[in-house]
Amino acid sequence: MNPASRRSGYVAIVGRPNAGKSTLLNALIGQKISITSRRPQTTRQNIAGILTRLDAQLVFLDTPGFQTQYRTGLTKAMDRGFKQALSEAHIVLWMIDVTANEQADDELFARFQGIAPVVIAINKIDRVPNKNKILEHIQSLDTAYHPKAIVPISATNKLQLDTLIEALLPLLPQQEFLYAEDDITTASMRGLAAEMIREKLFRLLGQELPYSTAVEIESFEEKPLLTRIRAVILVDKAGQKAIVIGKGGEKLKEIGSAARKDIEKLTGSKVFLELWVKVKQSWADDRKMLDRLGLS
Ligand SMILES: Nc1nc2c(ncn2[C@@H]2O[C@H](COP(=O)(O)OP(=O)(O)OP(=O)(O)O)[C@@H](O)[C@H]2O)c(=O)[nH]1
Ligand SMILES: [Mg+2]
């Protein structure tokens, strides 16, 4: 392929919390690099997933779900991540959950209108047996927002992902690839490990507790046969520490073992994961702590 005819660029995946943005990123890349859960606001920072084809490279930026209530330093940092991705975007990929009550979203659209071409992906179509309903959504979104394309997809079932990629390709600028052809992400293994642990907190802890937690990697030692990781789970209050540890340490064991399996897939080596729980009051408003977590 003549490099002069190559296309490449950034595609910011934006949408309301829980639309399926991170699930889509993983499906497109074919590997789990971004964490997902049934809870809204799982993603806290942008993560890039790189898809390289013979003549094109798409760099997808998964972003924190768009919200309007910014109370803590953490949620403000999440909004900055969203803005940062939009400032880099050559294309905005707007994901809409077809099962959500509100389809029209002028408030979100106003944030990226006019900055880059917009493609809408209507996600979770596997949950809508009535295809006419999907057609109606497409029509009303088309009339309201005039995007370059609207593609109904299912990120979990990997439906219509090729059609989505085909809709994005002609919108990329003609330029040399931005990353090496075999790169799949810009995130470090250390950062990904922290995220895999955080995902288990979102999936295995009840109620509001996951929102009070963060994960910091204290040490990360990568050897050919074994990766040794020591990580700290931060909680906001003393009472939460006991819940994360669980009776006889069972909960922490469950979290550690599930996270270890994911990290082993990423590193391709055996992983020894040591987990600790520490109380760090108001960490979500502590600038230094957010810095250390890469969230500022
Ligand atoms: N049925 C169905 N569920 C889906 C699909 N895509 C995502 N989900 C589910 O929707 C939930 C949210 O998915 P995420 O990928 O974490 O959503 P997100 O948009 O990244 O959410 P935030 O990071 O919180 O903004 C998870 O339980 C996914 O399994 C889909 O195509 N069909
Ligand atoms: Mg997400």
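The model is predicted: local features need pLDDT of at least 70, side-chain atom pairs count only at pLDDT 80 or more, and totals for chains, interfaces and linings use all residues. Residues are numbered from 1 along each chain as its sequence is written, while chains are lettered from A and ligands numbered from 1 in the order in which they are written. The chain is divided into domain 1 (3-171) and domain 2 (189-292), with bounds taken from an automatic or database domain assignment.

**Domains**

- The centres of domain 1 and domain 2, taken over C-alpha atoms, are separated by 27 Å.
- Contact links 10 residues of domain 1 with 13 residues of domain 2; two residues are in contact if their C-beta atoms, placed from the backbone, lie within 7 Å.
- On the side of domain 1 that touches domain 2, four residues are nonpolar, four polar and two charged. Here Ala, Val, Leu, Ile, Met, Phe, Trp, Tyr, Cys and Pro count as nonpolar, Asp, Glu, Lys and Arg as charged, and the others, Gly among them, as polar.

- An open sheet is built from six strands in the order 2-3-1-4-5-6, with mixed pairing. Helices (H or I, at least four residues) and strands (E, at least two) are DSSP runs, numbered from the N terminus, and two strands pair if DSSP finds at least two bridges between them.
- Strand 2 (47-52) and strand 6 (149-152) are the edge strands, each pairing on one side only.
- Neighbouring strands of this sheet are turned by 25° against each other on average, direction ignored. Axes are lines fitted to C-alpha atoms, for helices over the stretch in contact, and angles run from 0 to 180 degrees between N-to-C directions.
- Six bridges pair strand 4 (residues 91-97) with strand 5 (residues 118-123) in the parallel sense. Trp 94 stands opposite Ile 120 in strand 5.

- Helix 1 is largely enclosed by the rest of the structure, because seven of its nine residues are buried. A residue is buried if 20 or more other C-beta atoms lie within 10 Å of its own, exposed if 12 or fewer, and partly exposed in between, with C-beta atoms placed from the backbone.
- The buried residues of helix 1 include Lys 21, Ser 22 and Thr 23. They pack against strands 1, 2, 3, 4 and 5 and against helix 5 (161-168).
- Gly 30 follows helix 1 and has a positive phi, near 80°.
- Helix 2 (residues 73-88) lies across strand 1 (7-15), strand 3 (56-62) and strand 4, and runs at about 150° to strand 1.

**Ligand 1**

- Of the 24 residues around ligand 1, Gly 20, Ser 22, Thr 36, Thr 43 and Gly 65 come nearest. A residue is near a molecule or strand if its C-beta atom, placed from the backbone, lies within 6 Å of it.
- Helix 1 (residues 21-29) gives the largest share of this shell, three residues.
- The shell divides into 14 polar, five nonpolar and five charged residues.

**Strands 7 and 8**

- Strand 7 (residues 214-222) and strand 8 (residues 226-235) run antiparallel and are joined by eight bridges. They form a hairpin with three residues between them.
- Val 215 has Ile 233 in strand 8 as its bridge partner.

**Thr 99**

- Thr 99 lies in the loop between strand 4 and helix 3 (106-112). Thr 99 is exposed, with 12 other C-beta atoms within 10 Å.
- Not counting residues up to four places away in sequence, Thr 99 touches Lys 124, Arg 127 and Val 128.
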